[in-house]
Amino acid sequence: PRAGERILDVQRARKQFGGLVAVNDVSFGVDAGEIVGLIGPNGAGKSTTFNLVTGLLPLTSGSIAYRGQDISRFASRDIVRLGIGRTFQHVQLLPGMSVLENVALGAHLRGDYRPQGGVLASVLRLNRREEAKLLHEAACQLERVGLKEWMFAEAGSLALGQQRILEIARALCSDPALLLLDEPAAGLRYQEKQALATLLRQLRDDGMSILIVEHDMDFVMNLTDKLVVMEFGTKIAEGTPETIQQHPAVLEAYLGG
Ligand code: ADP
Ligand code: MG
């Protein structure tokens, strides 16, 4: 991406589930090399917004563009191929398989990756050469995120902070220009959060853009270039961490007035 390029452009994105408006005509953008935080109380529509961007849910109305291309109606695997990677709010690992296999599997399944989605069938269709290539790519990404020495450990044996970083390595295998992280710091210890923040800054310095949902305000304020605040499906504020901290609507949403 070139400096200043608009990577993600969300325009009046709307998602209704029956009578519930989970995302209410929300607009925001993410530029090249930016870390943007998406914050707001539980149920605000943050994860649903991620699902709209990654094509896991169809928009009710509005549009989403990635690097100038309208992806509103693209299937999730095509969106992943274009260069949007993501992690999910809840860790999605196969705990009995190795760290390396978990990353390789995710790389293979790409946009098709869902907790209940045909994992074994997909694995069984691989030939040896394809498998070797996948494992090589997975090992490269594990090195990049600092987990290479854990490659052959069972994924379930890792600390939560490492499991979250494993999931980031998996998302990196599709070579994304934009990474969407849904509450990656939730439940982590202080030092694990520090390690995560260091990794995310390193990825940003490599030119990646990051959109992150996170509840830990200290974490978000120290990491992000811009914040988008949602409440009840609506965007209530947008700005730098400094201005958002002073924003009346934000103070009200978080502190109840
Ligand atoms: P957040 O991630 O900000 O906590 P969500 O995007 O998960 O919020 O949810 C926003 C609202 O949409 C909530 O009221 C939630 O119950 C509802 N919701 C999310 N996904 C679905 C779905 N698949 N079907 C029906 N309602 C949903
Ligand atoms: Mg959520």
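Start with helix H1: with 3 residues, H1 gives the most to the shell around ligand 1. Keep in mind as you click around that this is a predicted model.

Now select ligand 1 and show its neighbours. Phe-17, Leu-20 and Ala-22 are among them, and so is the run of Gly-43, Ala-44, Gly-45, Lys-46, Ser-47 and Thr-48. Gly-40 and Asn-42 complete the shell. Colour these residues by class and you will find 4 nonpolar, 6 polar and 1 charged. Besides H1 (46–53), strand S2 (20–31) also supplies at least two residues of this shell.

Four strands, in the order S2-S1-S4-S5, make up an open sheet with antiparallel pairing. Its edges are S2 and S5 (69–70), each of which pairs on one side only. For a look inside the sheet, select S1 (residues 6–17) and S4 (residues 61–66), which are joined by 5 antiparallel bridges. Then bring H1 back into view: H1 lies across S1, S2 and S4 and runs at about 115 degrees to S1.

Finally, zoom out and colour by domain. Domain 1 takes in 1–83 + 178–257, while domain 2 covers 93–175. Their C-alpha centres are 24 Å apart. Where they meet, 16 residues of domain 1 are in contact with 13 residues of domain 2. On the domain 1 side, select helices H2 (76–82) and H7 (190–205), each supplying at least two residues. H2 has the largest share of that side, 6 residues.

Key. Residues are numbered from 1 along each chain as its sequence is written. Chains are lettered from A and ligands numbered from 1 in the order in which they are written. This is a predicted model: local features need pLDDT of at least 70, side-chain atom pairs count only at pLDDT 80 or more; totals for chains, interfaces and linings use all residues. A residue is near a molecule or strand if its C-beta atom, placed from the backbone, lies within 6 Å of it. Ala, Val, Leu, Ile, Met, Phe, Trp, Tyr, Cys and Pro count as nonpolar, Asp, Glu, Lys and Arg as charged, and the others, Gly among them, as polar. Two strands pair if DSSP finds at least two bridges between them. Two residues are in contact if their C-beta atoms, placed from the backbone, lie within 7 Å. Axes are lines fitted to C-alpha atoms, for helices over the stretch in contact, and angles run from 0 to 180 degrees between N-to-C directions. Domain bounds come from an automatic or database domain assignment.
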